[in-house]
Amino acid sequence: MQKPVFAALCATLLGLAAGPALSHATLEKSEAPAGAAYRAVIRIGHGCDGQATQTLRVQLPDGFYNAKPMPKPGWTLETVKGAYAQPFDNHGTQMTEGTREVIWSGGALQDDWYDEFVIRGTLGADVAPGTVLYFPTVQECADGKADWTDVSGSKDVPNPAPGLTVTAGKAGHGHGHGHGQADQAASAGPVVLGDLSLSGAFSRATPPGAPVAGGFLTIANGGAEDRLVAAHADFAGRTEIHEMAMEGEVMRMRQLPEGLAIPAGATVELKPGGYHLMFMELKQPLVEGETVNVTLSFEKAGEVSLPLAVGPRNAGAAHQGGGHGGH
């Protein structure tokens, strides 16, 4: 490659690297469907006129509910609660208030460094497609601040707030602002969430004092690739996505911190001895014959509440597809 051409290419690449993604506070994903779970990843690419960012404040918009910020090592995390403009139906529970501002402080993000700050929540199912939800963001430094709070939508302002454009939600998205999803989840048939069909969900009875239990189901994907990114159950202190796999001659269990991929057009089975949900720090025994609920969060399809039928403790292969130790 000739030197002038190479120099021009380098200049172009440097120009791209110094573009809006790093010069402003921006969101990693600028679009998401109504009713879906959304990870607001705030990208910070510089400080305040050469100074390090010591505090980051993010205001949360109406229409973004049940927000949970991710802690960052070396930073102090605070949240400010407030009333929602409209109540949010969280799996049958009306939420009238929640986190409205998130503050990370006590850090030192240098002017020539880059970092991301994450807040996970749910977009209201009733947010109209085309609506832009803004996350006004302020960086505070030792002797100044960088203000990203303009919500006018103009591209010409020097301090635009990070904006998320809400797209149309799919049928079955969200938390069921009504009774359709609750009735469906209570039935014996599959639970449908967008292009996903969830069926055969079960767990096993546990003895009193048992610390863990497993959760199993089948996920059929009739659309584009998705990912099971998180799960939550009220009866457990925490819920993780796990895999059992052979390492040499030893079967080992490990957490999948990035979640479980659900390929396009594929069916993924969570079963004893393979992929499964792990309910940890159980708050109560799981009783045979009862039904418990777990909330599953998918990267694209959103969230859904799924009933798990609790089967016998020693069900075995005939009932539950094979052994999995005590899980």
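I started with Pro160, and found its place in the loop between strand E11 (145-148) and strand E12 (163-167); strands are DSSP runs of at least two residues, marked E and numbered from the N terminus. I noted that this is a predicted model, where local features need pLDDT of at least 70, side-chain atom pairs count only at pLDDT 80 or more, and totals for chains, interfaces and linings use all residues. Residues are numbered from 1 along each chain as its sequence is written, and side-chain values use heavy atoms, with hydrogens and water left out.

What does Pro160 touch? Leaving out residues up to four places away in sequence, I listed His24, Ala25, Trp148 and Asp150; contact means heavy atoms within 4.5 Å. I also looked up Tyr134, 26 residues from Pro160 along the chain: their C-alpha atoms are separated by 9.2 Å.

Next came the disulfide (a pair of cysteine sulfur atoms within 2.5 Å). I found one in the structure: Cys48 and Cys141, with sulfur atoms 2.0 Å apart. Cys48 lies in the loop between strand E3 (37-44) and strand E4 (53-59), and Cys141 in the loop between strand E10 (137-140) and E11, so the pair ties together parts 93 residues apart in sequence. Cys48 is buried, at 6% relative accessible area, and Cys141 is buried too, at 9%; buried means under 20%, with a 1.4 Å probe and protein chains only.

Of its 33 residues, Leu198, Leu277, Phe279, Leu296 and Phe298 touch the most other members.

Terms used
A nonpolar core is a set of buried Ala, Val, Leu, Ile, Met, Phe, Trp, Tyr and Cys residues joined through side-chain atoms within 4.5 Å. Buried means under 20% relative accessible area, exposed over 50%, partly exposed in between (1.4 Å probe, protein chains only). Helices (H or I, at least four residues) and strands (E, at least two) are DSSP runs, numbered from the N terminus.
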